[in-house]
Amino acid sequence: MTNAVDLEQLSCHFGNVKALNQLDLALPQGEILGLLGHNGAGKSTAMKLILGILSPSSGQVRVFGEDPRGPDSGRLRFQLGYLPENVSFYDNLSGREVLAYFARLKRVSPGEVDRLLTRVGLDHAARRRVRTYSKGMRQRLGLAQALLGEPRLLLLDEPTAGLDPMATRDVYSTIDELRARGTAVIVSSHVLPGIEKHVDRVAILGRGRLLAEGTIEALRSHAELPLTIRIRQSDWAQRPGADLHPAIQDVITETDNSLAIRVRTEDKLPVLNKLLSLPGLEDVTVEPPTLESLYAHFDTQLNSEEAQHA
Ligand SMILES: Nc1ncnc2c1ncn2[C@@H]1O[C@H](COP(=O)(O)OP(=O)(O)OP(=O)(O)O)[C@@H](O)[C@H]1O
């Protein structure tokens, strides 16, 4: 089956700024990809190249096997949905009017407008002017606009930026529904927590370059980052130190009665066994390396590679 997206050696430069630098990336149909990276890493530029809004400086973009700026791009465009980073609408129109307007542009049946407003939880405010909408309501309207016409590929640029936890959860549950329907999705974020359960793979960008790509599990094991065991103990008569077990890499005091201990994943069980015998133990939690620590790891790796080549 043709991939939803194929990027080959894709570069996009704005004057001296290399917004994207020789990016290779493939997205099979029906897969959810998290596009992660710091501000200015090149996430929005990659999306605009996929949409055909920008033209590459070099390299190739294929969307369902076609050039998004080629002669058939008009037809291709109807299969794509896009939620831009800073969504803005005609403030004097109601949410329903805005969506009906986009439905006409996308040649989507007007019947879909009300269905989508309900789906994103905006039916109660459908007749209110967009000017009165909160940030979360605007984002929901943006999502409804992106979902018009049941796109085969959806590009969501920072869809949870500025949203409260409930609204964020709703965005991710929409992504879960899309996955169940076989829609390919690229969702960008620089806010890493929360995204991991909802994506099949992540691609980490840094200064326009692909730092790492794969399942979060694969990236974790490649980076060989330690996991953190947190313990709370009422009785510090035997306060554990690094000498408790040879596999302990680090012990950090967090509060008067809690410690964070770092160990390699494969040393987890022997260290846990040792910890469980401590007197006064009240609680133990085990936390795998976070996406933030992965990001920092691959970014540092790129920095040191660049320093070597400088
Ligand atoms: N039209 C443009 N003209 C000049 N420079 C641009 C343009 N668009 C993007 N850039 C630059 O390209 C780089 C990548 O920007 P891009 O918006 O793709 O990053 P991003 O990862 O989406 O960042 P953010 O998380 O802040 O949205 C940045 O240095 C940005 O300033």
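**Note on the predicted model**

1. Contacts along the chain. Of the contacts in the chain with a separation of 6 or more, 69% are between residues 24 or more positions apart. The model is predicted, and the points below should be read with that in mind.

2. Overall make-up. Nine helices and 13 strands form the secondary structure of the chain. The C-alpha trace spans about 70 × 50 × 35 Å along its principal axes. The chain has 310 residues, and 34% of them count as buried.

3. Nonpolar cores. The largest nonpolar core contains 69 residues. Within this core, I50, A144, L155, V185, V187 and I204 have the most contacts. Another core lies apart from it and has six residues, including I229, I231, V263 and V271.

4. Surroundings of V187. V187 is one of the residues with the most contacts inside the largest nonpolar core. Which residues does V187 touch once its neighbours within four places in sequence are left aside? The contacts are I32, G34, L35, L156, P159, I175, I195 and V199.

5. Ligand shell: members. There are 13 residues around the ligand, and those that come nearest are F14, A19, N39, S44 and T45. By class, the shell divides into seven polar, four nonpolar and two charged residues.

6. Ligand shell: elements. Which elements each supply at least two residues of the shell around the ligand? They are β2, residues 17-27, and α1, residues 43-51. Helix α1 gives the largest share, with three residues.

7. Y101. This residue is part of helix α3, which runs over residues 95-105. Why does Y101 count as partly exposed? Y101 has 15 C-beta neighbours inside 10 Å, and a residue is partly exposed when the count falls between the limit of 12 or fewer for exposed and that of 20 or more for buried. Y101 therefore belongs to the partly exposed group.

Definitions and conventions
Residues numbered from 1 in each chain as written. Predicted model: local features only at pLDDT ≥ 70, side-chain atom pairs only at ≥ 80, totals over all residues. Helix = DSSP H or I, 4+ residues; strand = E, 2+ residues; numbered from the N terminus. Contact = placed C-beta atoms within 7 Å. Near = placed C-beta within 6 Å. Nonpolar A, V, L, I, M, F, W, Y, C, P; charged D, E, K, R; others polar. Core = buried A, V, L, I, M, F, W, Y, C linked by C-beta atoms within 7 Å.
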